[in-house]
Amino acid sequence: MTRYLLDTNIISNVIKSEPSQALLEWLRTQRDSDLYIASLTVAEIHRGILEKPSSRKRTALDAWFVGPEGPQILFAGRILPFDERAGLLWAKLMADGKIAGRSRSGLDMIIAAVASANDCVIVTDNERDFSGLEIINPLREDVR
């Protein structure tokens with residue numbers, strides 16, 4: 001069984017008014033027990049909501065976030081922490097990127113380190129920033 005760590009952009013896509021049909025199809029073929037998110041994803045989503053001005057959209061996102069379809073409930077028991085092991089992997093990813101002359105996003109590499117520490121494949125449509133790492137992009141039509 002393959003375990004998948006969903007990047008924040010995947011969760012954001014799913015809750016759009018018109019999510020990617022290819023992504024939804026891919027998710028339907030996965031077992032819930034194989035899908036994980038990082039604690040950073042919960043934080044990034046919450047921050048994004050908090051930064052929105054007061055509006056109907058923000059109210060709807062707030063309700064979704066704390067409701068039964070929100071990430072903390074939907075992924076209960078499958079939210080992976082940025083712990084010591086992941087921290088050491090993050091340091092290596094960042095250093096390797098710098099040595100190779102390829103600057104890397106610290107937040108993206110936290111996701112990558114959490115995935116690596118927990119034997120997960122990263123699910124993202126951000127292929128450029130995760131270049132050289134084990135990923136799957138279900139938004140591409142050729143990934144099934």
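How many aromatic pairs does the count come to by the ring-centre rule? The count comes to 2 aromatic pairs, where rings of Phe, Tyr and Trp (its six-membered ring) pair if their centres lie within 6.5 Å. This is a predicted model: local features need pLDDT of at least 70, side-chain atom pairs count only at pLDDT 80 or more, and totals for chains, interfaces and linings use all residues. Residues are numbered from 1 along each chain as its sequence is written, and side-chain values use heavy atoms, with hydrogens and water left out.

**Aromatic pair**
- The ring centres of Y4 and W26 lie 5.0 Å apart with planes at 80°, so the pair is edge-to-face; planes over 60 degrees apart get that label, those under 30 count as stacked and the rest as tilted.
- The pair links distant parts of the chain, 22 residues apart: Y4 sits in strand 1 (residues 3-6) and W26 in helix 2 (residues 21-28).
- Both Y4 and W26 are buried, meaning under 20% relative accessible area, with exposed over 50% and partly exposed in between (1.4 Å probe, protein chains only).

**Fold and overall size**
- The protein chain has 7 helices and 5 strands; these are DSSP runs, numbered from the N terminus (helices H or I, at least four residues; strands E, at least two).
- From the N terminus the order is β-α-α-β-α-α-α-β-α-α-β-β.
- The radius of gyration is 15 Å, close to the 15 Å that the globule rule gives for 144 residues, so the chain is as compact as a globular protein of that length. The radius is taken over C-alpha atoms, and the rule is 2.2 Å times the number of residues to the power 0.38.
- Along its principal axes the C-alpha trace spans about 45 × 35 × 25 Å.
- Of the 144 residues, 42% count as buried.

**Helix packing**
- Helix 3 (residues 39-50) packs against helix 7 (residues 106-117) at about 145°, with the axes 9 Å apart. Axes are lines fitted to C-alpha atoms over the stretch in contact, and angles run from 0 to 180 degrees between N-to-C directions.
- L40, T41 and E44 in helix 3 meet L107, I110 and I111 in helix 7; contact means heavy atoms within 4.5 Å.

**Around I73**
- I73 lies in helix 5 (residues 71-74).
- Not counting residues up to four places away in sequence, I73 touches G67 and P68.
- I73 and A117 are 44 residues apart in sequence and 23 Å apart in space, C-alpha to C-alpha.
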